[in-house]
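Work through the exercises below with the sequence and the model open. Each task is followed by its solution.

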Amino acid sequence: MSSAGGPGEAAPVAVVVSGAGARGAYEAGALSVILPALGDRQPQLYVGSSAGAINSLGFAALSHLDPAAAAERVLDLWRGIGRGDVFRPLGATLLGAGARMLLRDGGRRHRPVAVLDTAPLNATLGRILNWDQLHVNVRHGRVEACGVVATAKHTHRSTVFLESRPSVAVPADDPIRDIGFVPVRLTPAHVAGSSAIPALFPAVSIETPGSGADWYVDGGVRLNTPIRPALLLGARRVVVVATVPASLPAEAGDLQGDPPGVASGLIDVLRAVTVDPMVEELRSLVGGNVRAGPHPHPQPDRLHPGTAEYVFAGPHRPDELGRLAGQVLRRRGRCSLPGRFAATSPDLCELASHVLFEPEFIDGAIELGRDDARRQLRDGAVVWKCCELPEAS
């Protein structure tokens with residue numbers, strides 16, 4: 001931002017939201033508490049990946065409203081999303097893919113490009129977000145910039161599709177973290193590309209100015225919690241919302257139990273993609289603050305040069321949302337074979353929580369997010385951190 005960061009200026013606030021699938025309802029719940037608590041210092045920057053992009057753009061498109069009213073609208077958005085609004089059922093998709101392979105040249109030149117069909121998601125994104133109002137809010141300066149993070153398939157680069165006011169300087173690419181910024185007018189295709197979980201959802205073709213078309217997949221592949229882009233845009237205060245803790249508790253292993261299974265291995269991969277990079281980003285932010293030697297500024301809502309405060313909202317325990325998914329699956333298990341099978345394993349429940357677009361899970365996740373966000377308030381106001389990491393669970 002061209003004017004951000006001066007020692008006598010109010011600190012620009014950014015919202016950074018992780019990718020999360022159905023767990024995005026948790027993030028919406030957390031933001032519904034934190035954003036109204038910011039008072040008249042509402043965010044000017046929104047950056048998100050995957051489901052985090054839906055939350056980011058959802059709040060940005062409603063930034064012309066009172067924060068509490070906007071929050072209720074976004075919560076209603078999540079309450080209105082069902083599985084059929086995101087993807088077609090697994091069995092039908094596999095059968096359909098097999099039939100297409102047989103009918104098209106005997107399967108010699110055609111192959112399924114993903115396990116699930118996300119055609120419903122494309123229509124849903126056009127319906128649930130007020131794109132016209134989003135563009136108006138950016139144009140009129142209620143929001144300075146909105147960024148949607150996706151991963152370019154051929155270059156494996158994190159691409160931030162950025163819609164911003166003309167006065168906002170587009171950041172230079174970051175060669176260290178391999179992040180590029182592409183000015184665009186945001187559309188549902190950008191969010192669909194940001195949400196395209198590799199192999200599970202099909203990649204999305206997006207044409208970018210000056211570089212042609214490329215296939216894009218989930219932004220969480222490389223940058224699930226895009227703190228760095230928000231800082232490059234000039235943020236001096238960052239609201240970070242994720243569906244995992246910022247640090248995992250140190251617990252002794254149990255060598256007497258069963259060895260880790262496939263589901264446990266997949267969770268380890270997810271944590272490597274989601275938790276570890278986020279922790280490194282937070283450590284980098286805190287380390288920069290420590291090196292800058294920050295001291296309390298004499299004026300409220302001002303920060304010294306070279307510092308950026310943050311607040312982090314995430315689950316108190318790493319298995320909170322998996323436990324909630326297990327409760328929902330066990331209740332569904334009476335009439336659902338997949339529900340009975342998944343509910344037998346905490347690891348499977350953890351994985352299921354990413355795609356459990358069921359009203360009971362969505363409502364429960366919203367309330368968990370609201371409860372965890374309240375821990376970041378004191379006397380109704382957000383408690384910003386500077387030179388300390390989030391507390392371990």
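**Exercise 1.** Does Trp 78 count as buried or exposed, and why?

Solution. The model is predicted, so local features need pLDDT of at least 70 and side-chain atom pairs pLDDT 80 or more, while totals for chains, interfaces and linings use all residues. Residues are numbered from 1 along each chain as its sequence is written, and side-chain values use heavy atoms, without hydrogens and water.

Step 1. Buried means under 20% relative accessible area, exposed over 50%, and partly exposed in between (1.4 Å probe, protein chains only).
Step 2. Trp 78 counts as buried because its relative accessibility is 2%.

**Exercise 2.** List what Trp 78 touches, leaving out residues up to four places away in sequence.

Solution. Contact means heavy atoms within 4.5 Å. The residues touched by Trp 78 include Gly 21, Ala 22, Ala 51, Ile 54, Phe 357 and Ile 362. Trp 78 and Tyr 26 are 52 residues apart in sequence, and their C-alpha atoms are 9.6 Å apart in space.

**Exercise 3.** Describe how helix α3 packs with helix α14.

Solution. Helices are DSSP runs (H or I, at least four residues), numbered from the N terminus.
Step 1. The axes of α3 (residues 67–79) and α14 (residues 359–374) are 9 Å apart, at an angle of about 145°. Axes are lines fitted to C-alpha atoms over the stretch in contact, and angles run from 0 to 180 degrees between N-to-C directions.
Step 2. Leu 75, Trp 78 and Arg 79 of α3 meet Ile 362, Asp 363, Ile 366 and Arg 370 of α14.

**Exercise 4.** How many disulfides are found?

Solution. A disulfide is a pair of cysteine sulfur atoms within 2.5 Å. The search of the whole structure finds 0.

Terms used: Helices (H or I, at least four residues) and strands (E, at least two) are DSSP runs, numbered from the N terminus.
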